[in-house]
Amino acid sequence: MDQHQFHQWLHHTDQDHQPKVYILGGADLSQYSIAVECRHRMEPLRNEQGVMHFQSIDEAKQHLIKQGVSHACLRLFTPYEECGTAGRMHYSDMELPLTND
């Protein structure tokens with residue numbers, strides 16, 4: 001999803017109906033990205049250079065706070081079979097309140 005489109009969506013929607021936003025990370029990844037759930041699909045947040053990447057969770061959180069997002073979900077992926085249930089997705093979700101602490 002284009003950054004500008006995301007910004008417009010947020011500012012034309014009330015706080016209770018904001019899209020579901022994920023900060024994505026993984027066991028073998030050095031950066032984080034942001035994805036927005038749109039029509040039951042996850043779309044990565046993009047700018048002119050392509051998919052936006054962040055060096056830390058805090059950097060991604062600050063970006064979302066500046067956009068006016070009040071909460072997000074941290075989704076951590078693991079490529080290792082021993083971490084998770086057989087036959088299921090290898091990720092875990094954790095709710096992330098977005099505040100300026």
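Helices H1 and H2 pack at an angle of about 50°, with 10 Å between their axes. That makes H1 oblique to H2, since angles under 35 degrees count as roughly parallel, over 145 as roughly antiparallel, 65 to 115 as roughly perpendicular and the rest as oblique. The axes here are lines fitted to C-alpha atoms, for helices over the stretch in contact, and the angles run from 0 to 180 degrees between N-to-C directions. This is a predicted model, in which local features need pLDDT of at least 70 and side-chain atom pairs count only at pLDDT 80 or more, while totals for chains, interfaces and linings use all residues. Residues are numbered from 1 along each chain as its sequence is written, and side-chain values use heavy atoms, with hydrogens and water left out.

Which residues of H1 and H2 meet? From H1 come Gln3, Phe6, His7, Leu10 and His11, and from H2 come His63, Leu64 and Gln67, where contact means heavy atoms within 4.5 Å. The residues of this contact divide into three nonpolar, five polar and no charged.

H2 itself spans residues 57-67, and its buried residues are Ala60, Lys61, His63, Leu64, Ile65 and Gln67. Buried means under 20% relative accessible area, exposed over 50%, and partly exposed in between (1.4 Å probe, protein chains only). Helices (H or I, at least four residues) and strands (E, at least two) are DSSP runs, numbered from the N terminus. Besides H1, the buried side of the story for H2 takes in strands E1, E2, E6, E7 and E8, against which its buried residues pack. Just after H2, Gly68 has a positive phi of about 100°.

Next comes the nonpolar core. The largest one has 19 residues, and those with the most contacts inside it are Phe6, Val21, Ile23, Ile34, Leu64 and Val69. Such a core is a set of buried Ala, Val, Leu, Ile, Met, Phe, Trp, Tyr and Cys residues joined through side-chain atoms within 4.5 Å. H1, E1, E2, H2 and E7 each give two or more residues to this core. Leu64 touches Phe6, Val21, Ile23, Ile34, Val69, Ala72 and Leu98, leaving aside residues up to four places away in sequence.

Strand E2 is mostly covered, with five of its seven residues buried. What does E2 pair with? Four bridges join E2 to E1, and the two run antiparallel; strands pair if DSSP finds at least two bridges between them. E1 and E2 form a hairpin with five residues between them, and Tyr22 has Ala35 in E2 as its bridge partner. E2 also runs antiparallel to E3, through four bridges, with Glu37 opposite Met42 in E3. The E2-E3 hairpin has two residues between its strands, and Arg39 in the turn takes a positive phi of about 55°. Two bridges join E2 to E6, again antiparallel, and Tyr32 is partnered by Phe54 in E6.

Val36 sits in E2 and counts as buried because its relative accessibility is 0%. Among the residues it touches are Met1, Phe6, Trp9, Met42 and Glu43. Glu43, in E3, counts as buried at 16% relative accessibility, and its contacts include Met1, Ile34 and Val36.

Note on methods: Ala, Val, Leu, Ile, Met, Phe, Trp, Tyr, Cys and Pro count as nonpolar, Asp, Glu, Lys and Arg as charged, and the others, Gly among them, as polar.
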